[in-house]
Amino acid sequence: MKKSLHLGAVLSTVVLISCAALILGQKVNAAGEGKISGTVKLDGPAPHMRGIDMSKDPYCVKANPTPAHYETAVVGAGGGLENAVIYLDGWSGAAQTETSVPVFDQKNCMYTPHVLALDPGQTFKVITSDQTAHNIHPLPNPMVNVGWNQSQPPGAPPVEKSWKNPEVIPVKCNIHPWMNGYFVVVKGPYATTDDSGHYTINNVPPGSYTVKAWHEPDDTQTQKVTVAAGGSATADFAFKAK
Amino acid sequence: MAKLLAVTIVVIAIASAIPIVMHIWPLPQDISVNGHLIDEQYTDTMWEAGVSFLASQILLAYFIWKYSRPAPNATVKRFPGGAAALVIAAFVLVGTEALALGVFGAKAWGLAYFAPPGADAMPVQVQAGQFAFYFRYPGPDGKFGPLHANLISEANANFFGLDTTNDQDSKDDIVTAELAIPVNREIHLLMHSKDLGHSFYVPGLRVHQDFVPGLDLSIHFTATKIGRYEIVCTQLCGLGHYNMKAYLEVKSPEDFDAWLKQQAALQ
Amino acid sequence: MHDMSAHAVHHGAPTSFIRKHIFSLDHKVIGKQYYALALVAVVVGMVLSWLMRLHLGFANFAIPGLHLLSKNGAPGDIMTPEYYLQLMTMHGTIMVFFVLTTAPFAAFGNFFLPIQTGAEDMPFPHFNMMSFWVTFTGFLFLVASFFVSDGPTLGGWTQYAPLSAVGAVSGPGQGTGVVLWAFSIAFFCVGQLFGSLNFITTTLDMRCKGMSLMRLPLSAWAWFITSIMGLTAFAVLMPAVILLILDHVAGTSFFVSSNLVINDQVLPHSGGSTLLWQHLFWFFGHPEVYIAIIPGMGIVSHILITNMRRPMLSHRVLIYSMGALAVLSYMVYGHHMFVSGMNPVSSLAFSFPTLVITIPSTIIVLIWLGSLYGSKLRINTASLFGLGFISMFISGGVSGFFLAQPSIDILLHATYFVVGHFHLVMAVAAIFGIFGGTYFWFPKMTGRMMNESLGKLHFWLTFVGAYLIFMPFHYLGIAGNVRRYQAFVDDYLIPLIPVHKFITVAALATGAVQLIFIYNLIYSRFWGAPAPDNPWQGTSLEWSTATPPPHNNFGDKMPVVYHDPYQYSVEGASSDFIMQTSPEPVHSADEEK
């Protein structure tokens with residue numbers, strides 16, 4: 001019963017994603033590339049995520065009529081783990097840089113998204129939707145990437161940045177110490193799990209890969225998969241609840 | 001032009017005094033047991049400083065008015081008593097004034113800093129860090145668990161670096177982002193800084209104390225009025241200094257107990 | 001009597017442009033160079049204050065073009081919180097060091113101390129030249145920090161540790177910015193040490209024949225006292241900033257204690273002391289306040305005596321009082337630290353000398369007032385600024401009564417009350433001293449008179465404007481308005497924002513008024529009426545030499561002094577003033593011995 005439900009969920013997701021892929025079309029099947037998809041789950045009971053007491057900044061309190069929660073482990077329907085990043089470990093293909101410019105928003109005194117996966121060199125935008133000033137303070141290893149610490153007062157234009165080298169970079173706001181997130185900079189194709197733990201990595205050239213799943217703060221798991229030309233592979237992961 | 005200057009000085013002096021006399025921007029309302037001593041000291045000082053201010057400005061203005069544009073054959077007159085009289089006046093008037101202020105003011109200071117907290121004072125710990133205050137109540141066991149700097153993690157809401165797995169005393173500690181206290185109960189506030197210099201200033205409470213990294217300090221106070229007040233940082237601590245604050249909730253004992261229970265449940 | 005001038009370093013008048021105007025050994029040129037430096041610095045400092053005021057009065061106001069100054073500090077022309085603090089730090093540092101110390105002490109002192117003592121030059125002209133260029137280098141270091149990637153330091157001019165000592169982890173500008181700041185201050189200290197040595201030696205060893213110490217004018221006394229303070233105060237600041245630099249670049253922990261956690265990471269420091277920095281800094285910092293103001297007292301006394309046509313009621317009492325201020329200033333520094341966490345007994349101990357220091361200050365004010373009594377006051381721009389100085393000094397001084405008491409400091413510490421207090425008593429008063437000195441000595445320095453009408457206009461607008469700006473600061477402080485906030489987000493501060501708007505408007509207007517002064521300065525320098533040798537009928541030595549003074553100050557004939565400095569309105573004299581160099585006998589001096 002449980003299994004079939006699970007299967008149903010996976011199947012429907014696959015169908016959905018396929019439909020989406022068909023609609024989005026062109027990129028997915030380009031040059032016989034395949035894809036890797038799957039689900040990341042939390043193994044064990046979902047941990048209690050504390051509500052955040054934002055009382056130090058009344059703006060933040062007002063912006064969150066129901067208190068926001070920490071996002072250390074966000075577990076959705078069926079134990080799906082959000083905000084995990086799945087990528088191909090040891091990717092040796094051409095360094096590809098997405099041309100899209102993802103947005104990292106400071107909204108209601110939280111980061112949206114909580115985890116932002118990026119290509120090395122990919123430009124991203126930090127914007128603020130809040131009427132209180134935030135400082136964006138990513139903390140890379142100084143030997144790997146160059147960090148920065150810069151405030152964005154209300155109404156300030158977006159900050160455009162990029163990361164040179166692959167690294168998991170925590171980011172925080174010192175003015176609102178609860179605000180934390182991650183930039184996950186990885187080479188090669190990647191995907192981030194959605195609120196039910198699903199992910200799909202598109203544009204995977206045929207071949208054998210070690211698929212790596214990362215979840216904060218520094219948990220990783222790997223699996224080996226083979227992707228046929230234009231085919232798809234599955235890799236599911238389960239992280240132990242803490 | 002000298003007369004204009006004289007008039008200007010008098011007008012400025014009087015205009016400067018008006019907002020003080022009219023209490024247009026008064027001291028924040030006192031909500032503490034010992035604050036009135038500071039306020040009285042402040043008022044006494046305001047009288048002495050205000051009189052000195054007005055008297056010397058008006059005297060300056062008067063002399064400018066009177067002694068500019070002397071008659072062509074005027075001779076220089078000597079101030080009656082000469083410099084000696086003025087030196088004596090300064091020593092007697094200002095010396096007494098300063099001495100009196102110093103001696104009387106010491107009482108308010110002593111009550112805040114020399115008198116130890118009462119035996120039944122409620123201990124609360126406050127930690128300052130860029131750019132927020134966090135508070136800790138010892139919980140039912142009445143004991144604060146030890147702090148571990150290496151365990152501090154704002155991302156995981158472990159602001160104090162508690163080890164609730166291994167430290168028995170930490171298990172029931174209650175960590176909060178605002179300082180709630182029961183009204184009319186003395187609070188013994190144990191202060192430490194996580195990172196840099198900060199300060200704990202509650203104007204209404206007449207409490208102002210810097211956090212010194214590496215030093216554990218404490219202050220004690222009693223709030224007498226239920227309400228919500230702001231605790232602000234006055235020691236420049238970085239870019240978020242202006243927004244480093246927390247709320248002080250002075251509650252009735254019943255409300256306080258309920259609040260503490262509720263916070264304990266949220267841990 | 002000393003006649004050390006014979007031993008002075010004789011250097012001939014330079015001929016090349018560089019030796020004459022840039023690397024000059026002439027104390028007069030060096031004085032003018034210091035003045036020019038202070039003028040540049042004050043313009044920069046004032047523009048910074050405009051930007052700060054605009055931001056404070058009108059939160060998140062887009063200041064057109066601000067992004068050109070700093071892309072990160074003002075994205076979309078909106079000032080970030082850190083950029084506000086960076087501008088504030090630069091404002092404070094530039095104003096305290098490169099204006100308030102440089103102009104009244106180094107600039108006027110360099111130009112006039114040797115002349116008023118009757119010396120041909122300073123005894124160590126090369127040190128004097130180095131003193132300026134080292135100070136100038138310090139200024140360049142400070143300005144350079146605007147152009148490093150993180151911008152200048154945001155730690156305030158007091159640069160409290162550990163914020164200043166732990167590096168870039170504590171915020172933008174706290175890495176390279178602090179190091180540049182510290183180097184700047186270290187250079188400044190070296191410059192002032194060289195300068196102070198020269199000042200002290202000039203006063204003690206270079207006086208002309210007949211010039212006893214008590215015959216020195218009050219301005220010379222003020223510079224002499226200040227230079228002794230400079231020697232002792234900057235000698236403490238310099239090692240302090242060197243230790244600060246070491247904490248940055250050598251991984252030492254002089255000012256950083258153990259187990260500090262920033263951004264969830266334990267800092268690799270241990271064993272330092274936070275309060276050590278504060279003690280070292282304020283051991284310099286409080287004397288520094290008097291280093292800024294005592295020259296102003298001397299200059300203003302000198303100007304007023306000339307314009308009151310009488311000596312002060314007592315020359316000696318003023319000198320002793322300034323000396324008492326200097327000595328006491330080292331014993332009161334702890335009043336900056338009442339609630340800093342030092343032993344509360346120390347707070348009381350520091351409170352008493354702080355209250356006692358009001359006695360010499362009061363004596364000085366009373367002597368000024370008592371000397372105004374029965375005087376023959378001349379009103380000109382210089383004397384207006386002198387009178388304005390007294391008014392400002394009184395206004396800023398009385399608030400000292402509050403801040404001298406630890407119990408009241410609980411209320412007022414780190415509020416705008418303090419900002420109002422020190423701006424009036426030290427900044428505005430000292431600036432009035434500088435303005436007064438400029439209008440008074442400009443003819444001697446350049447050979448041309450300044451425009452009096454423009455000068456008076458400048459005085460009136462500045463006098464009223466300064467009160468409009470700085471009086472309301474006290475009210476804000478009483479209401480608990482904390483300083484060094486880039487915005488007022490606290491519920492109890494929001495009602496005070498209209499006061500900030502008012503102050504902003506007053507500050508912008510009063511700042512703009514200073515353009516009149518700068519115009520007057522430049523216009524008069526080139527097109528002003530030629531100045532006579534003694535335009536104000538003064539008595540001291542600067543008025544007995546040519547305008548402008550020749551290279552060796554007095555030409556072929558060294559002056560010989562016969563009198564106390566201020567022989568005005570002497571009964572039975574041939575005119576209402578007798579110059580120090582005049583052999584005319586004086587029978588009854590107004591001076592009390």
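**View 1. The loop of chain B that holds F131(B), in a predicted model.** F131(B) is found in a loop of chain B. The loop runs between β1 (122-129) and β2 (132-137).

View 2. P162(C) sits in a loop of chain C. On one side of that loop is α5 (125-144), and on the other is α6 (176-205).

**View 3. N83(A), a residue with positive phi.** N83(A) is not a glycine, yet its phi is positive, at about 70°. The residue belongs to the loop between α2 (58-63) and β2 (85-89) of chain A. Is N83(A) buried or exposed? N83(A) has 25 other C-beta atoms within 10 Å, so it is buried. The cut-off for buried is 20 or more such atoms.

**View 4. R206(B), a residue with positive phi in chain B.** R206(B) is not a glycine either, and its phi is about 55°. Its loop links β6 (198-202) with β7 (207-211) of chain B. Counting around R206(B) gives 26 other C-beta atoms within 10 Å, so R206(B) is buried.

**View 5. The packing of α2(B) against α3(B).** In chain B, α2 spans 35-67 and α3 spans 82-113. Two packed helices are described by the angle between their axes and the distance between the axes. For α2(B) and α3(B) the angle is about 165°, and the axes are 9 Å apart. How do these helices run relative to each other? Angles over 145 degrees count as roughly antiparallel, so α2(B) and α3(B) are roughly antiparallel to each other. Their crossing is left-handed. From α2(B), the contact uses L37(B), I38(B), Q41(B), D44(B), T45(B) and E48(B). From α3(B), it uses E97(B), L101(B), F104(B), G105(B), K107(B), A108(B) and L111(B). By class, the residues of this contact are 6 nonpolar, 3 polar and 4 charged.

**View 6. The two domains of chain B.** The domain assignment gives domain 1 of chain B two segments, 2-70 and 80-113. Domain 2 of chain B covers 122-266. The C-alpha centres of the two domains lie 39 Å apart. Their contact takes 9 residues from domain 1 of chain B and 11 residues from domain 2 of chain B. On the domain 1 side, 4 residues are nonpolar, 4 are polar and 1 is charged.

**View 7. The contact of chain B with chain C.** Chain B brings 88 residues to this contact, and chain C brings 89 residues. Which elements of chain B give two or more residues to the side that touches chain C? They are α1 (2-21), α2 (35-67), α3 (82-113), β7 and β9 (227-232). Of these, α3(B) gives the most, with 18 residues. The chain B side has 51 nonpolar, 27 polar and 10 charged residues.

**View 8. The contact of chain C with chain A.** This contact takes 11 residues from chain C and 13 residues from chain A. What classes make up the side of chain C that touches chain A? That side has 4 nonpolar residues, 6 polar and 1 charged.

Technical notes:
Residues are numbered from 1 along each chain as its sequence is written. Chains are lettered from A and ligands numbered from 1 in the order in which they are written. This is a predicted model: local features need pLDDT of at least 70, side-chain atom pairs count only at pLDDT 80 or more; totals for chains, interfaces and linings use all residues. Domain bounds come from an automatic or database domain assignment. Two residues are in contact if their C-beta atoms, placed from the backbone, lie within 7 Å. Ala, Val, Leu, Ile, Met, Phe, Trp, Tyr, Cys and Pro count as nonpolar, Asp, Glu, Lys and Arg as charged, and the others, Gly among them, as polar. Helices (H or I, at least four residues) and strands (E, at least two) are DSSP runs, numbered from the N terminus. A residue is buried if 20 or more other C-beta atoms lie within 10 Å of its own, exposed if 12 or fewer, and partly exposed in between; C-beta atoms are placed from the backbone. Axes are lines fitted to C-alpha atoms, for helices over the stretch in contact, and angles run from 0 to 180 degrees between N-to-C directions. Angles under 35 degrees count as roughly parallel, over 145 as roughly antiparallel, 65 to 115 as roughly perpendicular and the rest as oblique. A crossing is left-handed if the near helix is turned anticlockwise from the far one by less than a right angle, and right-handed if clockwise.
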